[in-house]
Amino acid sequence: MRLVCRSSSATCFPLICRRRQRGWLCRKNRRRPPAESFFSGEGGVALWIVALYSTANEELQAVLSALLDEEKAERAEHADLMKGLSLTQKKAEGLAVYPLRFQEGVIYRGGRWKLRFEHDPLSHRITEGAPVKLFRDDEEADGIAVRISSAAIDVVVDDYPDWIEEGKIQLEASFPDLTWREMRFALQQMLEAENQKGEKGQRARLRDRLLGCTELSALTLESEPHRSNELNASQNQAVIGILNTPDFAVVHGPPGTGKTTTLVAAIAALYRREESVLVCAATNAAVDLLALKLDEQGIPVLRIGHPARVYDAAQALTLEGRMESRSEAKLLAKYRAEAAQLFRQVRRFRRSFGAAERAERESLFAEYRALQKTIREMEKAALGDIIERTPVICATLTGASHPSLREKRFTTVVIDEATQALEPACYIPLLKNPERIIMAGDHHQLAPLIRLPASPLSETLFEKMIERHKDSGRVFFLNEQYRMQPVILGFSNQRFYEGRLVTHDSVLKRPPMRMKSEAEVSLIGSLLFVDTAGSDATEEQDADSESRFNRFEAMLLVRIVERMLRLGEDDPESVALIAPYRAQVDLLRSLCSDVAELPTGLTIEVDTVDSFQGAERDWIGVSFTRNNEEAEIGFLKDQRRTNVAMTRARRRLILVGDSTTLSMHPFYADLIAYAQSESSYFSVWEEPFASLVDL
């Protein structure tokens, strides 16, 4: 049932669009529907109308309130977690590493210090680029984790801790204060936009257009000068729309449709028009990918961000990397070496010493500080020149507030993977007062984590824009995919994309995967669903982390992959296994480490779905893990995560799960039915699967 505006001459559009809540606003008189209004959702469940907003400010005020509540909840959750767990439990959860043994400290870029620690081999959840805290007794220091291996961690800190070289050091995951602070500030600035003058006053105009509070002019597309033979029709249309829009454009890029290729082509065209572009994304990985792709096209690009959070391949594009090619580089290197030597001399006086030693220490320390000041001034001047001369800047959404960009202005802001970002984060780059903003993503893939139910934050800015402006001519759908075999794509295409995706000829013309003559029919196709129903595949729960795992399912999936590799005539270039739970990931990794005779150069990757957003592999195996009498499926309720997992596969998708548990939920019942319709469904009681697990 659709809610219809009673004003026949007005246009109504959705103001709030979440799975369980919708609101509608009439452009003519902004009249609210009766409070008792409701409509029916899936299964006849009554849904309710939430409070409507008369203005953009009223809506953003609600978003700010939700942001403060969400931050409070996340901060409390983090504090309670860290306070409530013993050190042993923190280690089991992967939230702490102990004991660390200090190895060395060297002066890092930007006057920081990089500290190296070794530890006994263990599994943890600390990732490269994550904020961390170092502890010893009552001392602590904040830092960024870098260069993580199974037995070593490098941590970058602003200042050298005097206590770091002695005793056993503990490292813990830290709360990301900076991200929340920047989101709060950006939202407050957007709320105050009406009261701002000059360039800042333009924020209100763009804000109101993004949120659908003002009428939009028709978008005129001047196509021919920007049409490329290297892009397909929908990609060309998106690029042309980006170049012609006076305010914004939305690029909806489902899996494998070349969203990154499209954005790079559009940014290259903007560069040729001598425009300045700020390219952002929610994650460092997405930013690095765009920066490297732009660099390959010969576009001058600068990657802004903490060096510890930038991948090695993109280090040359960072401020620090670009500095190394300048004439000041050798002199700066000399000054840094001298500063490090002075600091080591200062640290000789850590123990008790007399007046003469104290005077010498103070003199050395003063010389050290003066040299560090000189280094910072030289870096600041050089970096300012680099930024001024570089037309395309790449940064995370939070990185867009970097002090080095304070005076930099941009005509266009591009936000990739916008569906992974909270709405307030998308306003951070808008403080640069651009003329237009380009949002790209897919709201049927990973979304930001929201802790509080029924929050205004549960709908991203991308979702608001794609719903409110779907008839504006500013929303562009990429409809041709270059990744998956059609049978792998089929279910997601119908379920999420209304059957609008088509497969490119290059995929259709791929030669079939060849198998040896003794290979069973069930192992030949591109899609395989193995049902564990009726077997001893009950899930378990880790006592410390409370994460779920399923020994039977993990063993079955790994042995299926082993058999396929052994009987295949053509080796895949990449294989990845995905599970929704960390405990299942750890179990799969352990089992994969025992796999013998892998093809040369092949490593089986194992992780949660979050690590594979935007990636693709030849073979993907998915362990659904859940198997219980209550038919509880936990994380699997988020269908978008399953969509991401399945659409990573290029040539083969292997799904393992319990139909008794899964089919109690319509989405998974339909998935199993799809596999059956494609003759891709098999029971674990059939061969060769029964033999693989000794049933």
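Strand 20 (residues 527-531) and strand 27 run parallel to each other and pair over three bridges; two strands count as paired if DSSP finds at least two bridges between them. Within this pairing, Val530 has Phe682 of strand 27 as its bridge partner. Strands here are DSSP runs of E with at least two residues, helices are runs of H or I with at least four, and both are numbered from the N terminus. Please keep in mind that this is a predicted model, in which local features need pLDDT of at least 70 and side-chain atom pairs count only at pLDDT 80 or more, while totals for chains, interfaces and linings use all residues. Residues are numbered from 1 along each chain as its sequence is written, and side-chain values use heavy atoms, with hydrogens and water left out.

Six strands form an open sheet in the order 24-23-25-26-20-27, with parallel pairing. At its edges are strand 24 (604-607) and strand 27 (681-683), each of which pairs on one side only. From one strand to the next, the twist averages 20 degrees. Strands of a sheet pair through backbone hydrogen bonds, either parallel or antiparallel.

Helices lie against this sheet. Helix 17 (residues 639-646) lies across strand 23 (575-578), strand 25 (617-623) and strand 26 (649-657), and runs at about 130 degrees to strand 26. Such angles run from 0 to 180 degrees between N-to-C directions, and axes are lines fitted to C-alpha atoms, for helices over the stretch in contact. Helix 19 (residues 666-677) also packs on the sheet, where it touches strand 20, strand 26 and strand 27, and its direction makes about 120 degrees with that of strand 20. In the loop between strand 25 and helix 17 you will find Thr625, whose phi is near 75 degrees, a positive value in a residue other than glycine.

Helix 15 (residues 551-567) and helix 16 (residues 582-592) have axes 10 Å apart and pack at an angle of about 40 degrees. The two helices are therefore oblique to each other; angles under 35 degrees count as roughly parallel, over 145 as roughly antiparallel, 65 to 115 as roughly perpendicular and the rest as oblique. Their contact (heavy atoms within 4.5 Å) includes Met555 and Leu557 of helix 15 and Leu587 and Leu591 of helix 16.

Among the residues in contact are Leu60, Leu64 and Glu71 of helix 1 and Trp180, Arg184 and Leu187 of helix 3.

Finally, look at the charged pairs. The whole structure has 43 salt bridges, each a side-chain nitrogen of Lys or Arg within 4 Å of a carboxyl oxygen of Asp or Glu. One of them joins Arg436 and Glu275, at 2.7 Å from N to O. Arg436 lies in strand 16 (residues 436-441) and Glu275 in the loop between helix 6 (259-272) and strand 12 (277-281), so the pair ties together parts that are 161 residues apart in sequence.
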